[in-house]
Amino acid sequence: MRGEDGGQSYLISVSDMMSGLLFLFIITIMVFVISFHVETTKIQKSLEQATGQYEKKMRELIQARQARAQMLRDLKEYLEQQGLQVHLDTDQGVLRLPEKILFPLGSAELQTEGRENLSKLAVALSAIVPCYAGNRSMPRPLVCSEDKFYPGTLEAILIEGHTDNVPIRDGGAFKNNWELSAKRSITTYLELIQVQSSLGELRNPNAEPLLGVSAYAETRPVIPHKKETPEPLNRRIDLRFLIAPPSADG
């Protein structure tokens, strides 16, 4: 009888141990499931937050592109009412001024007509661009209507000088097309500021000056040519309006 009792006690101990192990196993599984659910929820929330931020920044970019396109159309309409014909590239944010309305061939000196045309441009810029400059919290200037007031849209306005691919001949005022295009962009900038000094006070969202200059010689032609070609469309001043990046906050 004692042997039988001992066997039963042994079996009971093994059974208790197995029950305990099973209980621990179940508890472990439950902890794992709960932890997995918590982590999955965190990941899901993070993804939703990231998606929301991405969608917000995309909306800001789309709105900025639309605002810039409207600004360019308004500038073009304003200038055409003043008898000044310009060209637009709304995708690239460019207002294009042909050489013939500004400078004589091969020169960076403004003649009477060129000064008059830049005066018209300066007035147009001072009337329209302030509605798209500054930062997003700035008050609305009196010159800006409610439906055309998008502060913080612009990062910079680059006054770009461009030439054709015909090299500068020896003995001229410039050594090469780089010097010619650079001088033209600087001359344009200084004339605009002289006519409308307020243009020099325009700022981007970082409170940096909005207007600047750049020069590309023949390296960014409207119409490419493999041979030396005095292409008039390539001789130009471009005003390139760069969009400010989306806000950094979430």
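Predicted model: local features only at pLDDT ≥ 70, side-chain atom pairs only at ≥ 80, totals over all residues.
Q: What covers the buried residues of helix H3?
A: The cover includes helix H2 (112-128), strand E3 (154-162), strand E4 (211-215) and strand E5 (236-243). Cover here rests on contact, meaning heavy atoms within 4.5 Å. Residues are numbered from 1 along each chain as its sequence is written, and side-chain values use heavy atoms, with hydrogens and water left out.

Q: Which residues of H3 are called buried?
A: Asn177, Leu180, Ser181, Arg184, Ser185, Thr187, Thr188, Glu191, Leu192 and Ile193. Buried means under 20% relative accessible area, exposed over 50%, partly exposed in between (1.4 Å probe, protein chains only). An α-helix has 3.6 residues a turn, so residues three or four places apart point the same way.

Q: How does the span of H3 compare with the expected one?
A: H3 (residues 177-195) has 19 residues and runs 27 Å from first C-alpha to last, close to the 27 Å expected. The expected span is 1.5 Å times one less than the number of residues.

Q: What makes Asn176 a cap of H3?
A: One of its side-chain oxygens lies 3.1 Å from the backbone nitrogen of Trp178, at the N-terminal end of H3. A polar contact needs a pair of N or O atoms within 3.5 Å; within protein, one must be able to donate a hydrogen and the other to accept it, and residues adjacent in sequence count only if both atoms are side-chain atoms. The 3.1 Å pair is within that 3.5 Å limit.

Q: What is the span of H2, and which of its residues are buried?
A: H2 has 17 residues and reaches 25 Å, close to the 24 Å expected. Its buried residues are Gly114, Asn117, Leu118, Leu121, Ala122, Ala124, Leu125, Ser126 and Ile128.

Q: Why is Phe241 called buried?
A: Its relative accessible area is 0%, so Phe241 counts as buried. Phe241 sits in strand E5. It touches Leu125 and Val129, and also Arg68, Met71, Leu72, Leu75, Gly93, Leu95, Leu154, Ala156 and Ile157, not counting residues up to four places away in sequence. Its C-alpha is 8.2 Å from that of Gln92, 149 residues apart along the chain.

Q: Why is Arg65 called partly exposed?
A: Its relative accessible area is 41%, so Arg65 falls in the in-between class. Arg65 lies in helix H1 (residues 2-81). It touches Asp91 and Ile243, with residues up to four places away not counted. Arg65 and Leu242 are 177 residues apart in sequence and 9.6 Å apart, C-alpha to C-alpha.

Q: What does Glu109 contact?
A: Phe103 and Pro104, leaving aside neighbours within four places in sequence. Glu109 is in the loop between strand E2 (94-98) and H2. Its C-alpha is 9.0 Å from that of Lys183, 74 residues apart along the chain.

Q: How many cavities of 30 Å³ or more are there, and what lines the largest?
A: The search of the whole structure finds 1. A cavity is a set of points on a 1 Å grid over the protein atoms alone where a 1.4 Å probe fits but cannot get out; a pocket is an open set with protein on both sides within 12 Å along at least five of seven lines; lining residues have an atom within 4 Å of a point. His87, Arg96, Pro98, Pro232, Leu233 and Arg235 line the largest cavity, which holds about 30 Å³.

Q: What is the volume of the largest pocket, and which residues lie nearest its centre?
A: The volume is about 230 Å³. Of 14 lining residues, Leu105, Gly106, Asp164, Val166 and Ile168 lie nearest the centre. Volume is the space filled by probe spheres set on the points, joined across faces, edges and corners.

Conventions: Helix = DSSP H or I, 4+ residues; strand = E, 2+ residues; numbered from the N terminus.
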